[in-house]
Amino acid sequence: MDDLIVRNISRMIIPFIQLYGIFVVFHGHLSPGGGFPGGAILGASIILYTLAFGSEKGHLKLPHSIAKWLESGAVIWYIILGLFGIFAGHVFLTNKPAGFYMGQAGDIISGGFIPMVTLAIGIKVASTMITLFHTMIEEEEH
Amino acid sequence: MQLLNVILIVFLIACAIAVEKTRDLLSAVIIFASYSLIMAVLWLLLRSPDVAMTEAAIGAGVTTIMFIAVISRTRRMEK
């Protein structure tokens, strides 16, 4: 699609969509939302970019070589955080007894490992959604 | 508030029946997006804003784009 209005409006609103997605991901333990909705909003912003600017420029925003590392790395990060509980002598995904910093209730840095787990889920969901869309668009062309 | 709830649910059922009855798949996808939007408002009225955000982002946003991408690769009309 090569339309001036669509391209300019997309260029204006995409930063706000991404800021909102990052807000939802980082406030997952304080307010409604979390890793999955925030990651979906972040993925939708890049999908909007691909729709407005075409497949080639959209693909440069998140190539498959980076997406595979993001997806695998987020899952491995989640599992490593869960294994901390086992090494501390508790069950998988133990939060406070495993020695995570709890902080002040209501702050961004609080709740032990929950912000870190939410960040991993957000990266994984956003990357998966963008990769799914790009794969579909690419198969359309040849 | 009760009236709004009833109107939304009636519209939701109408959308669900229309998706099944429509022969044009592109129209069906658009009706399905409106179904997801109403469902998101209903989740909000049921005091579950978490699910409402997910429904608005996934149901009305990404699923619609995925369906349209699939329709662009296959036929538009149902046989």
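In this predicted model, B:Thr54 touches A:Phe36, A:Pro37 and B:Gly59, leaving out residues up to four places away in sequence. The residue belongs to helix H3 of chain B, which covers residues 49–73. B:Thr54 has a relative accessible area of 18%, and because this value is under the 20% limit, B:Thr54 counts as buried.

How many residues does each chain bring to the contact? Chain A gives 17 residues and chain B gives 13 residues. The size of an interface is often expressed as the accessible area lost when the parts come together. Here, chain A and chain B bury about 1,300 Å² between them, and 81% of that area lies on carbon and sulfur atoms. Polar links can be counted as well: 1 residue pair is in polar contact across the interface, with both residues at pLDDT 80 or more, while the number of salt bridges found there is 0.

Which elements of chain A give two or more residues to the side that touches chain B? They are helix H1 (4–26), helix H2 (35–53) and helix H5 (114–141). The largest share, 7 residues, comes from H2(A). Sorted by class, this side of chain A holds 14 nonpolar, 1 polar and 2 charged residues.

The largest one has 13 residues, and A:Ala40, A:Met129, A:Phe133 and B:Val62 touch the most other members. H2 and H5 of chain A and H3 of chain B each supply at least two residues of this core, with H3(B) giving the most, 5 residues. A:Phe133 is in contact with residues of both chains: A:Ile47, A:Thr50, A:Leu51, B:Ile65 and B:Met66, its neighbours within four places in sequence being left aside.

Most residues other than glycine have a negative phi. A:Leu93, however, has a positive phi of about 65° although it is not a glycine. A:Leu93 sits in the loop between helix H4 (64–87) and H5 of chain A and is partly exposed, at 31% relative accessible area. In chain B, Arg47 likewise has a positive phi, of about 60°. B:Arg47 lies in the loop between helix H2 (25–45) and H3 of chain B. Is B:Arg47 buried or exposed? With 77% relative accessibility, B:Arg47 counts as exposed.

Technical notes: Residues numbered from 1 in each chain as written. Chains lettered and ligands numbered in written order. Predicted model: local features only at pLDDT ≥ 70, side-chain atom pairs only at ≥ 80, totals over all residues. Heavy atoms only, no water. Contact = heavy atoms within 4.5 Å. Buried area = accessible area lost by both parts, 1.4 Å probe. Salt bridge = Lys/Arg side-chain N within 4 Å of Asp/Glu carboxyl O. Polar contact = N/O pair within 3.5 Å; in protein donor to acceptor, adjacent residues only side chain to side chain. Helix = DSSP H or I, 4+ residues; strand = E, 2+ residues; numbered from the N terminus. Nonpolar A, V, L, I, M, F, W, Y, C, P; charged D, E, K, R; others polar. Buried < 20%, exposed > 50% of the residue type's maximum accessible area, 1.4 Å probe, protein only. Core = buried A, V, L, I, M, F, W, Y, C linked by side-chain atoms within 4.5 Å.
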